[in-house]
Amino acid sequence: MSDSTLLATPVAPVAKPWEAPGPNDTLKAPRPPWNDKLLPVIGPIVLFLVWDLVVRFGLIKAILLPTPWNTLVALVTGLAGGPLLSDFLVTVWRTLEAFLIAAVVGVPLGVLLGSNEKAYRSVEFLIDFFRSTPSSALIPLFLLIFGVSDVNKVAIAAFGALLIVLFNSAYGVINARKQRVMAAKVMGASRWQIFKDVLIWESLQPTFVGLRSAVSMALVIVIVIVAEMFIGSDTGLGHRIIDAQQVLNVKSMYAAILAAGALGYALNVLFLIAERRIVHWSGR
Amino acid sequence: MRTIESPIVAERPAGFVPGPAGTHITIRGLTKYFAGWPLYESFDLDIPKHKIVSVFGPNGCGKSTLINMIAGLIPIDAGEILFDGKSLKDTKIGYVFQNYREALLPWRRTIDNIRYPLELEGMKKGDIDARIGELEQSFSVKFDLKRYPYELSGGQQQTASIMRALAPKPEVIFLDEPFSALDFEMTLFIREKLQEVFMATGTTMMLVSHDLEEAVYLADEVLLLTKRPTRVAEILQYRDARPRTVDTLSTPSFVAMKKLSMEIFQREVRR
């Protein structure tokens, strides 16, 4: 049909004299657009619908995949004082510990290294090397140093996150707008004044990018790779997911997976909000 | 190469020739290489006090480089630059950049940007407030200085940059194409403000401009430069009375000055 209309189009004007477009012709008012605020909800709803249909029509056995509704109920009841809550909080705590260590050490060290480019160049290879090394490859090393302790879980996550923070803060200082530095210099600012009044501020935005990636990285390491699945642990979301999988308690497993996802998402959003508040000039 | 063979100390000529009476900035034997090629070589220049000097010349002749070297933003390879016989570090200068966006500090409110050079001086809070009040008056500021720079228009930001440069009452103000990023209306406004400030304070100014009309309009002296290696092609005196206005632009003396500058400029470009 589309073919025939396409072919017919050039002929039409000849066959029919031109008419002023009437009120019901092609010049209709544009359809009211989707309420933009609803758009982000569409994806999740479609996912849950497909998930529901898949379970309903038995495409995946119910023993492997519970209905979305049952999973959500398990998630909510678990987080409302159930055992899922304590595992959730343990994971949050470990992630924050690792993140705080990374931030407290990484930001000042990165800013210092960045303000002395020669110093940064001399350790750049090390930073890039370990940044590129999968954290899981370092598990045995950390086991040797810290043993199978809670310290270890936090230490390896802190290490992974630290490098990201360090790298971003250092580059923030190195790439500071030269002209702002010159402006301060011409006003008679000393090296220290330039550092504290210009360079640190310039590095804030990339530092926030670093902190945001670092907290995600810390969470990933804490949950999946190291702490709670491989090294072994009696607590935490990762432990809960593995445990539930072992005994085929799928409802509990999916609830824990959703909880982990929600945690990662919430942390990211929190950092974005903080960044917009603090680095208010970014992108303007 | 040359700079290594003859360090700066040795370069100070035995017979240092001071400029004529009323000279503010004395430049002697200024040498600057870019990528192995001389940009300035044994360059001498006297900048008069209480005057506006407009710097004009062919592309790439180093107009901005010249004022950046005088302002200490770009190191020089050899030579000496003195302000009333003093070195730069004993001299208070102000600088207005072309790109106000990257010259103001966006994490400080506009008013705190203007306060910044005074804070650097260690001035007391009360004195700073008084000085800011003076500046606000003389610029008859009609926008909110408590806003952040990025909340202001380009012209307002450049106005703030000029206020910041003026705040510490500098001896010399350098302006590197201060109008190039502004629309026509704002250019006119800031041009008038600069003239007012100059008439009120007599601060020595060096203005780099790529617009000949602008350069002549504000100038007491038009400094015309050659292609690189850069030398002084000519220094023209422009003596029309201030305040100059839109009418000045059509007076015979202005038109003649602009024409002469243009002829020298074209001669240098073709050379």
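Two strands are taken to pair if DSSP finds at least two bridges between them, and helices (H or I, at least four residues) and strands (E, at least two) are DSSP runs, numbered from the N terminus. The structure is a predicted model, in which local features need pLDDT of at least 70 and side-chain atom pairs count only at pLDDT 80 or more, while totals for chains, interfaces and linings use all residues. Residues are numbered from 1 along each chain as its sequence is written, with chains lettered from A and ligands numbered from 1 in the order in which they are written.

Contact here means that the C-beta atoms of two residues, placed from the backbone, lie within 7 Å. Of the 8 residues of α3(B), 7 are buried, so the helix is largely enclosed by the rest of the structure. A residue is called buried if 20 or more other C-beta atoms lie within 10 Å of its own, exposed if 12 or fewer, and partly exposed in between. The buried residues of α3(B) include L66(B), I67(B), M69(B) and I70(B), along with K63(B). Just after this helix, G72(B) takes a positive phi of about 80°.

Turning to chain A, the model shows 13 helices and 0 strands. Buried residues make up 33% of its 284 residues. Among contacts in chain A between residues at least 6 apart in sequence, 74% join residues at least 24 apart. One buried residue is A158(A), which has 26 C-beta neighbours inside 10 Å and lies in helix α8 (residues 150-174) of chain A. Leaving aside neighbours within four places in sequence, A158(A) is in contact with A98(A), I101(A) and A102(A).

Further along chain A, helices α12 (residues 237-246) and α13 (residues 250-278) pack at an angle of about 155°, with their axes 8 Å apart. This makes α12(A) roughly antiparallel to α13(A), a label given to angles over 145 degrees. The residues of this contact divide into 8 nonpolar, 2 polar and 1 charged. Here Ala, Val, Leu, Ile, Met, Phe, Trp, Tyr, Cys and Pro count as nonpolar, Asp, Glu, Lys and Arg as charged, and the others, Gly among them, as polar.

Finally, the two chains meet: 15 residues of chain A are in contact with 16 residues of chain B. On the chain A side, α9 (178-186) and α10 (191-225) are the elements that give two or more residues, and the largest share, 6 residues, comes from α9(A). By class, this side of chain A has 8 nonpolar, 3 polar and 4 charged residues.

Methods. Axes are lines fitted to C-alpha atoms, for helices over the stretch in contact, and angles run from 0 to 180 degrees between N-to-C directions. Angles under 35 degrees count as roughly parallel, over 145 as roughly antiparallel, 65 to 115 as roughly perpendicular and the rest as oblique.
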